[in-house]
Amino acid sequence: MLGEREQLKGLVKDNARCPKCESNEQLKLVGVDKNEKGWKSNKYKCRRCNIEFVWSAPNNPWDMIPYVESFVADLEQKLNDEPDESLKQSTAGVLNLMTANLGKLKPVVEASDLDLEELNARETEMAELVHKFKKHLLIEKIRMED
């Protein structure tokens, strides 16, 4: 279960590029940063340009869902304002694809969260059970010594 969750964490891949030289060859991951909306994004250093920057997209599926939802909403807004019909059709195709992928990702992430909650609840119950058992053993040990 935790292995599946780790695999889910690695699902989102950055295709980061340096904003200055537009290359990804000399990038080094140096950490994680939170933006104003609370989404975690990877922080990179370009060794060629010697600059650090935070990639704009989230680095995990939990933050990716609201990011894509807001991106889809912005895209729909721009689609309504676009006068060019051919651009509208191609944008609508991309929008449908993003919505379909979001529909696939959401249930997987929600199931993972539910599994983790169940695991934590079982772990708490097991800790209580072990504590009660130890207490019982100590009581029995005292009884046997008397």
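## A tour from hairpin to helix

Start by selecting Gly38: in the hairpin of S1 and S2, which has five residues between the strands, Gly38 takes a positive phi near 90°. Helices (H or I, at least four residues) and strands (E, at least two) are DSSP runs, numbered from the N terminus. Before moving on, note that this is a predicted model, where local features need pLDDT of at least 70, side-chain atom pairs count only at pLDDT 80 or more, and totals for chains, interfaces and linings use all residues. Residues are numbered from 1 along each chain as its sequence is written, and side-chain values use heavy atoms, with hydrogens and water left out.

**The two strands.** Now colour S1 and S2, which pair in the antiparallel sense over seven bridges; two strands pair if DSSP finds at least two bridges between them. Click on Gly31 and look across to its bridge partner in S2, Lys43.

**From Lys43 to Glu52.** Show the side chain of Lys43, which meets that of Glu52 in a salt bridge (3.8 Å, N to O). A salt bridge is a side-chain nitrogen of Lys or Arg within 4 Å of a carboxyl oxygen of Asp or Glu, and by this rule the count comes to four. Lys43 counts as partly exposed, at 28% relative accessibility; buried means under 20% relative accessible area, exposed over 50%, and partly exposed in between (1.4 Å probe, protein chains only).

**An aromatic pair.** Next, select Trp39 and Tyr67, whose rings form an edge-to-face pair, 5.6 Å centre to centre with 90° between the planes. Rings of Phe, Tyr and Trp (its six-membered ring) pair if their centres lie within 6.5 Å; planes under 30 degrees apart count as stacked, over 60 as edge-to-face and the rest as tilted. Trp39 sits in the loop between strand S1 (27-34) and strand S2 (40-46) and Tyr67 in helix H2 (residues 61-81), so this pair ties together parts 28 residues apart in sequence. Is Trp39 buried or exposed? At 10% relative accessibility, Trp39 counts as buried, while Tyr67 is partly exposed at 23%.

Glu69 lies in helix H2 and Lys106 in helix H3, so the pair ties together parts that are 37 residues apart in sequence.

**Along H3.** Finally, select Glu140 and Arg143, another salt bridge, with the closest N and O atoms 3.0 Å apart. Both lie in helix H3, three residues apart, about one turn of the helix. Arg143 is exposed, with a relative accessible area of 57%.
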